[in-house]
Amino acid sequence: MKPTRLFDFADYQLKYHSQEECFLYKEDQQWKKISTKEYLKRANKVSASLLELGIKKNDKIAVITTNNNPNWHILDIGLLQIGAQNVPLYPTLSEKDYAYVLNHSDAEYCFVSDEVLFDKVQKIQNQTRIKKVFYLKELKHDCSWNRFLEIGEKTIDLAKIKTLKEAVKPEDLATIIYTSGTTGTPKGVMLSHKNIIDNIFKTDKTLDLKGNHKRIISYLPICHIFERAASYYYQYLGYQVHFAESIELLGDNIREIKPHFIAVVPRLLEKIFDKIVAKGSTLSGLKKGLFFWAISLGEQYEPYGKNGKFYAFKLAIARKLIFSKWKDALGGHLEFMLSGSAPMQDRLIRIFLAAGIPVFEGYGMTESSPAITVNDLRNFGLKIGTVGKPLEGLQVKIAEDGEILLKGSTVMLGYYKEEEMTRKTIVNGYLHTGDIGEIDAEGFLKITDRKKEMFKTSGGKYIAPAVLESELKQSRFIEQVMVIGESEKMPAALIQVNFEFAKEWALRKKLPVDTIVTNERFINRIGKEIEIHNQKFGKWEQIKKFEITPDEWSIEEGHLTPTMKMKRKVIKEKYKNLYEKIFNS
């Protein structure tokens with residue numbers, strides 16, 4: 001019988017695909033494993049301890065982790081199966097944001113992965129309802145994971161846990177996910193068990209994955225619905241979930257684990273590609289020529305053999321000589337990558353498809369649990385430049401102003417404690433996504449911009465920043481770019497250069513590396529890159545001026561959300577002086 005509540009996925013795996021290596025994590029340089037049986041045994045211990053602490057149905061438990069780990073999932077199942085709700089939070093939030101979210105969510109207890117987060121939460125604990133903060137790891141500490149599990153050890157009542165499980169309905173609230181938000185106060189998205197499960201099975205129909213015992217690497221933030229829904233799906237399929245040690249060690253972990261699938265965000269794939277190109281640039285002679293010939297060939301790729309037989313012949317050579325090495329660097333077993341969270345460059349999708357490592361771009365949001373559309377190679381279900389067709393059973397339509405609207409069983413219950421905001425977002429059963437798009441004659445959805453991010457210049461012309469930004473980021477010189485110019489006479493850009501590539505370029509040109517971003521010759525070179533990419537746009541859309549920011553944009557410094565989307569307000573404020581220089585000089 002198919003799961004109908006989120007904790008059913010673990011029971012389903014035990015019954016149909018029981019694994020000796022359900023979860024794998026690294027400790028003291030060794031991979032340790034947890035079986036499906038042990039996973040459920042520990043989840044029951046979690047339930048017993050929470051019940052002993054007085055947790056009841058509909059109580060909220062906050063969870064914050066820096067790196068994904070098995071105990072997050074064990075806690076998740078343990079609290080869900082007694083009818084409590086999981087409130088996952090990003091590890092990069094400020095103390096002020098933690099105080100707001102923990103208070104707003106009515107969380108009773110909080111679990112954290114490390115000392116830094118423990119100290120952060122403890123500092124603001126008295127501003128919230130949090131009774132105690134526990135660790136997700138074993139320590140010699142009263143608040144450790146092992147001590148927490150001991151709380152319910154003597155009173156564990158499996159019959160009571162079973163009764164509580166049976167009382168949880170598919171329509172019940174499962175989680176409140178606070179959107180990281182590129183603007184404004186975080187909103188608590190309420191998702192039911194049914195919301196997420198329906199989304200998983202609709203996605204499953206599209207992807208139609210076969211077989212179990214395949215290897216997955218978990219590294220994207222588990223507090224984000226994209227990674228979380230994927231984790232339940234992996235449990236359903238009976239896949240081995242390996243937890244990456246950290247984002248810095250992801251490359252090493254991929255080569256070690258040799259995963260069959262990877263979920264990616266565009267920024268990560270851009271970084272992977274940049275590293276591949278950087279390595280190719282160190283080659284010389286014929287090898288270097290072949291490397292860049294293969295990339296050029298990849299840029300022309302069209303699916304379903306549309307390029308013709310001679311192209312297929314050349315591609316077979318490129319795959320044998322060049323692209324096979326890319327596959328090896330990604331573990332050698334990669335069947336495909338699934339991309340979400342932000343727009344992916346068409347060029348990258350073409351190159352990776354040509355390399356035999358398909359990238360399926362999808363589209364979704366927290367409020368839709370998450371997937372709305374996805375590309376897939378089977379049945380002519382892939383179209384480059386689009387985010388695919390809507391999942392089965394979801395109604396997607398375009399409003400008069402171009403906004404994408406969604407109706408279906410995956411639409412959230414609403415925003416926690418925000419009835420008015422919920423009414424504004426879900427109108428006549430349709431979720432207003434805030435994204436602008438169009439549906440073509442074949443039913444593929446194309447995203448053209450964020451409704452809130454589009455702006456008018458003082459001349460009354462509309463500018464869609466995301467389209468310009470995606471184009472400009474194809475330059476090896478440009479790591480990040482934000483298009484600005486609302487109510488100004490022209491569009492302009494704030495640019496964070498690719499510092500690694502900028503240094504290489506400086507060495508080749510015998511220019512001072514330390515001051516390269518202020519070097520006139522380098523600035524002119526960036527100008528040339530912008531001129532090249534400007535050609536694809538109308539005169540009114542073209543970037544007329546730009547400024548280079550002196551530092552790297554990061555999650556830690558607040559430029560980016562944890563899923564690597566730009567925080568436009570923050571960036572504009574941080575570089576106020578550069579903004580003024582562009583428009584007032």
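I started with strands β20 and β21. β20 covers residues 430-439 and β21 covers residues 445-450. They run antiparallel, and five bridges join them. I note that this is a predicted model. I then looked for a facing pair. Ile436 stands opposite Asp449 in β21. Next I checked the connection. The two strands form a hairpin, with five residues between them. Gly443 sits in the turn, and its phi is positive, about 90°.

I went on to backbone angles. Most residues other than glycine have a negative phi. Which residues did I find with phi near 65°? Gln29 is one of them, and Asp106 is another. I looked up where each lies. Gln29 is in the loop that links β1 (23-27) to β2 (30-34). Asp106 is in the loop between α4 (95-105) and β5 (107-112).

Are these residues buried or exposed? I checked both. Gln29 has 64% relative accessibility. The cut-off for exposed is over 50%, so Gln29 counts as exposed. Asp106 has a relative accessible area of 17%. Buried means under 20%, so Asp106 is buried.

**Cis peptide.** I then turned to omega. Most peptide bonds are trans. The bond joining Ser369 and Pro370 is cis, with omega about -5°. I placed Pro370 in the loop between β13 (359-364) and β14 (371-374).

**Nonpolar patch.** I moved to the surface. Which residues form the nonpolar patch there? I listed Trp293, Phe310, Phe313, Ile317 and Leu321. Together they have about 490 Å² of accessible area. Helix α13 (residues 309-329) gives the largest share of the patch, four residues. Trp293 is found in helix α12 (residues 285-299).

**Negative patch.** Glu248, Asp551, Glu552, Glu556 and Glu557 form a negative patch. Where does Glu248 lie? Glu248 is in the loop between β10 (240-243) and α10 (250-257). Its relative accessibility is 64%, so Glu248 counts as exposed.

Methods: Residues numbered from 1 in each chain as written. Predicted model: local features only at pLDDT ≥ 70, side-chain atom pairs only at ≥ 80, totals over all residues. Heavy atoms only, no water. Patch = residues over 30% accessible without salt bridge, like charges linked within 9 Å, V, L, I, M, F, W, Y side chains within 5 Å. Areas by Shrake-Rupley, 256 points an atom, 1.4 Å probe, with all protein chains shown as cover. Salt bridge = Lys/Arg side-chain N within 4 Å of Asp/Glu carboxyl O. Lys, Arg positive; Asp, Glu negative; His and termini not counted. Charge placed at Lys NZ, Arg CZ, Asp CG, Glu CD. Buried < 20%, exposed > 50% of the residue type's maximum accessible area, 1.4 Å probe, protein only. Pairing = 2+ DSSP bridges.
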